[in-house]
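Please look through the structure below with the paragraphs that follow as a guide.

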Amino acid sequence: MRSHKPIWGERLKNQVINIICKPYNMIVFSALGSLICLILVPLLLMVKNTFILSATELRRVQGGQIGDVTLYYWKYLLLSKLSGANFFTPLKNSLFIAFFVTIAAVLLGFFLAWLMVRSDIPGKKWLTLGIIIPYMIPSWCKSMAWLAIFRNGRGGSPGFLAGLGFNIPDWLAYGPIAIILCMVLHYYAFTYIMVSSSLRTVNSELEEMGEIQGADKLYVLRKITMPLVMPAVLSSAIMTFSKAIGTYGVAANLGLRISYYTLATKMHDFIGSGSVTVGYCMSILLIFMASGTIFANQIFIGSRKSYETIGGKGNQYSVISLGKVKYPIMLLMGGFLIVAMLIPLFILVMETFQIHTGGGYGLHNLTLYNWIGKLENAKDTVNYPGIFNNNAFIKAVWNTVKLTVIGSTITALCGQLLGYICSRGRGTWYGSLVEQLIFIPYLMPAVAFAAIYLSMFSKSYGPIPSLYGTFTIILLATVVKHFPFASRSGTANMLQIGRSLEEAATIAGASFWKQITRIVIPLAKNGFVSGFLLVFISIAKELDLIILFMTPQNNTLSYLAFQYSKEVMPQMSDAISVVVLFFVMLIYFVTNKLTGADIGKSWG
Amino acid sequence: MSKIELMHIDKFFGNNHVLKDLNLTIEDGDFMTLLGPSGCGKTTTLRIIAGLERPEHGNMLMNGKEIINSEVDYYAEPSKRGLNLVFQSYALWPHMTVYDNIAFGLKIKKLSSAEIKRYVMNALERMRMEEYGKRYPNELSGGQQQRVAIARAIAYSPELLLLDEPLSNLDAKLRIDMRVELKRLHQELGTTIIYVTHDQVEALTMSTKIAVFSKGCLSQLVEPMELYMNPIDLINADFIGNPRINFLDGKACKQGNKLKTYCSLGSYIYDAKDMTDEVTPTGEFNCIFGIRPEQVQIEKEPADGLIAATVYANQLAGSETLVTVHILDSQTGKSDEVLVKQIGIEDYRTGQKIYLKVKPDRFNVYSKESTRLIKYARI
């Protein structure tokens with residue numbers, strides 16, 4: 001029975017067989033390898049590069065040589081005469097914006113969530129739709145809409161209000177107030193989604209007990225409901241803060257015209273047209289701040305999270321009667337949604353049909369030129385064709401479709417695979433390592449994440465050529481940046497497939513691949529489709545992540561819209577925004593119809 | 001037909017030592033139940049036998065053939081072990097019909113479709129589920145899913161059938177029906193069965209042998225009635241039996257080859273043949289009497305050899321009556337509580353004086369210090 005070979009030899013043979021013959025091991029191994037190469041190595045390389053002197057700054061460091069270890073970049077950023085303008089003012093602006101966005105967005109989101117879940121406000125169905133749809137609109141589209149309304153004469157294209165004869169001052173049209181309001185109208189959704197689901201889990205028995213003890217509704221709200229949903233509120237506040245601090249599109253679109261810089265826009269400036277390495281230093285600081293807040297969240301909330309599991313039975317939650325004020329409140333809310341969401345969209349769409357922006361909606365000022373016009377029919381000073389005759393647009397459509405389709409397919413597939421590893425590897429070292437590695441891109445603002453990739457792949461490494469300016473680098477960054485989201489949905493999907501279903505197949509003699517193809521994939525299909533479409537939407541909206549990679553060859557729709565807006569060609573940029581909006585909405589409704597997927601699971 | 005030998009099995013989950021030097025032999029044709037509270041290692045043992053877990057140390061043989069040899073990191077694939085498993089959750093593949101669920105393993109064995117059909121229908125027939133082949137699992141009730149899971153496991157006549165708490169998701173009535181079914185199946189198939197449960201009634205009624213697990217160790221391996229009669233230590237005594245066994249503090253002393261004992265129910269002397277090796281050889285020591293509630297009878301009138309007691313509470317349950325009585329220990333002046341099980345409906349008032357008749361041969365005596373059995377019960 002026992003072989004006569006020495007024990008260690010047989011042991012080694014069996015160990016090798018155990019590892020080689022388990023495809024699962026190979027998958028885990030290659031997943032870990034790829035994650036380290038795609039996430040950890042780029043991050044560390046970028047940190048390292050900020051301490052290495054590069055050719056561009058050679059003249060500025062006396063006696064320095066390329067490749068020397070230097071603190072020049074950090075000193076330049078933090079301790080030089082220009083630090084104020086380059087770093088501290090943008091930092092102050094970023095913090096200012098993030099602070100007010102967080103306060104306003106959380107208050108708004110909480111209020112809306114409470115009204116929709118716990119009050120008897122009439123017309124809930126429509127109001128919910130009105131609350132959740134704006135979340136699908138990319139934040140940079142909102143800034144376009146803002147400009148369509150508030151743009152003043154600067155640059156020659158007045159907005160809606162300026163056209164009516166109002167004199168819109170710069171401080172209202174551009175800058176912090178505009179940025180904050182646009183972001184609030186986007187990021188309130190975090191709080192809304194998190195708090196409303198938390199409110200739903202608060203067992204009404206807890207509140208009824210309070211009432212039995214003699215407390216009135218308001219007291220119960222203050223002393224029982226509020227503390228129970230507090231963790232959700234804090235989490236969403238921190239998430240909002242961390243997002244707001246790193247947002248590029250809105251801040252650039254509304255800030256750059258009056259030279260109002262945030263960390264994200266200043267960093268982009270450095271990378272685009274200054275010292276790239278200083279830009280990298282800034283992105284490290286940005287990552288540090290954004291991830292710091294999220295870590296703070298985990299430490300802060302960690303022990304209190306247990307509240308959220310006080311689910312109790314089903315969705316039994318009582319509804320609080322608003323009494324006579326429920327109709328006024330409904331009208332107020334409806335009015336707010338119309339003014340804040342619907343009218344801006346309407347003005348944005350209408351602007352695409354105007355000959356002169358701000359010129360009113362008289363027939364003499366309406367045209368389809370911006371959509372389908374040809375250059376030979378152009379009037380006045382117009383020197384571009386309508387977008388459907390514009391090669392740059394056609395190319396951007398093609399690029400966008402290519403990026404979203406390929407990107408979301410790869411991301412969703414990887415997400416399922418990583419989800420499989422995370423769910424099956426729970427409690428093992430590799431399971432938690434994979435989970436932690438995947439989490440890293442989530443901690444980084446999109447612009448900063450792009451900076452890492454730019455830093456890593458603008459050089460060639462052995463067989464890997466420089467990827468600067470290629471579609472590949474955009475694809476790679478997009479895929480990796482969406483890993484956290486995709487693998488979270490993948491994990492949830494895989495957890496639904498009980499391990500014993502696979503074990504039963506193992507015992508029946510099915511190989512690993514047979515288990516995957518016959519058991520796991522058929523069962524994971526639905527979850528995969530909804531995960532895929534949500535990633536798809538998220539990639540289609542993306543601006544912040546890809547903006548650093550843009551070259552004329554690989555423009556996407558979102559970038560083109562942003563670019564036209566910068567060049568003060570509002571009709572064009574609006575038309576492209578409308579196309580993106582239409583695209584996103586369409587996909588969302590198809591998703592919703594096909595799979596019942598919830599936009600609440602998507603990320604902003 | 002299968003004999004399984006587990007030798008020196010150690011299993012860790014992280015730092016958690018869940019199986020500690022387990023040695024267990026399961027004879028061919030046994031219906032072996034692994035019994036114990038949750039977390040005692042019984043399911044892990046089953047999964048090691050199935051090949052779903054790999055122990056860090058130890059060996060396993062099936063019919064003398066090496067299946068696990070941890071020394072050389074050899075673990076036979078589950079499918080090479082000639083066994084099948086019924087999961088606690090049933091693990092029916094929800095996207096396949098009942099027929100396909102059962103046929104899955106047969107297809108992998110590359111049987112012809114005619115053979116597959118024969119095996120599947122045979123298994124379904126055995127479980128009286130012939131009409132349900134085209135249904136999907138979610139169209140079946142819990143009990144029917146259970147039958148399909150068993151049908152899937154027995155379709156290819158495994159040499160060894162493993163069952164992991166298969167009845168725990170069923171309601172009380174179905175559970176009793178399925179007990180009968182499983183026992184019938186064991187007799188018909190003649191397969192060795194290993195059955196994991198925390199339910200002592202299932203264990204006592206179905207098994208030919210019971211392995212009691214406690215904190216990762218095998219604490220007792222006996223036939224069901226012997227387990228009930230002579231639990232090896234206080235933990236097992238407490239675990240087996242419903243209503244629970246009575247524990248009474250007492251004193252014991254070995255004199256010559258006799259064991260002299262005392263408790264509130266009186267003084268008793270036992271022969272050497274009743275004693276285990278665990279008896280403290282010299283001097284008086286503390287012991288605990290284990291007395292099953294049905295071994296005490298209540299008489300209403302005093303008589304010779306009866307022990308006076310007072311009724312404390314009376315619970316009627318239809319087929320039986322549970323009476324809690326208090327006995328005054330004349331030596332210590334303390335009062336002991338004893339639960340008595342009477343068949344049929346009996347009515348006692350609280351505070352009523354009654355008289356207890358006991359069968360001292362049926363008592364278990366445990367050493368208080370080692371918690372081990374020192375005196376066997378005899379019928």
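Strand β18 (residues 320-328) of chain B runs antiparallel to β19(B), and nine bridges join the two; strands here are DSSP runs of E with at least two residues, helices are runs of H or I with at least four residues, and both are numbered from the N terminus. Within this pairing B:Thr321 stands opposite B:Gln342 in β19(B), and two strands are taken to pair if DSSP finds at least two bridges between them. The model is predicted, so local features need pLDDT of at least 70 and side-chain atom pairs count only at pLDDT 80 or more, whereas totals for chains, interfaces and linings use all residues; side-chain values use heavy atoms, with hydrogens and water left out. Residues are numbered from 1 along each chain as its sequence is written, and chains are lettered from A and ligands numbered from 1 in the order in which they are written.

The two strands belong to an open sheet of five strands in chain B, with the order β16-β20-β17-β18-β19 and antiparallel pairing. Because β16 and β19 (335-343) of chain B stand at the edges with a single partner strand each, one side of each is left without a neighbour in the sheet. From one strand to the next the twist averages 45°, where axes are lines fitted to C-alpha atoms (for helices over the stretch in contact) and angles run from 0 to 180 degrees between N-to-C directions. Strand β20 (residues 353-358) of chain B is joined to strand β16 (residues 296-299) of chain B by four bridges, the two running antiparallel, and in this pairing B:Glu299 stands opposite B:Tyr355. β20(B) also pairs in the antiparallel sense with strand β17 (residues 307-316) of chain B, over four bridges, and here B:Ala309 stands opposite B:Ile354.

Chain B also holds an open sheet of six strands, in the order β7-β8-β9-β3-β10-β11, and its pairing is mixed. Its edge strands are β7 (83-86) and β11 (217-222) of chain B, each of which pairs on one side only. Neighbouring strands of this sheet are turned by 15° against each other on average, with direction ignored. Helix α4 (residues 142-154) of chain B packs on the sheet and touches β7 and β8 (160-164) of chain B, its direction making about 170° with that of β7(B); contact means heavy atoms within 4.5 Å.

How many residues does each chain bring to the contact between chain A and chain B? Chain A gives 24 residues and chain B gives 33 residues. About 2500 Å² is buried between the two chains, 60% of it from carbon and sulfur atoms; buried area is the accessible area (1.4 Å probe) that two parts lose on being put together, summed over both. Nine residue pairs, both members at pLDDT 80 or more, are in polar contact between chain A and chain B, that is, a pair of N or O atoms within 3.5 Å, of which, within protein, one must be able to donate a hydrogen and the other to accept it, while residues adjacent in sequence count only if both atoms are side-chain atoms. On the side of chain A that touches chain B, the elements giving two or more residues are α1 (7-20), α22 (499-507) and α23 (512-541) of chain A, and α22(A) gives the most, with seven residues.

Two salt bridges are found across the interface of chain A and chain B, a salt bridge being a side-chain nitrogen of Lys or Arg within 4 Å of a carboxyl oxygen of Asp or Glu. The side chains of A:Glu503 and B:Arg47 meet in a salt bridge at 2.5 Å, N to O. Within chain A, A:Asp120 forms a salt bridge with A:Lys326, their closest N and O atoms being 3.7 Å apart. Because A:Asp120 lies in the loop between α4 (83-118) and α5 (124-136) of chain A and A:Lys326 in helix α15 (residues 326-351) of chain A, the pair ties together parts that are 206 residues apart in sequence.
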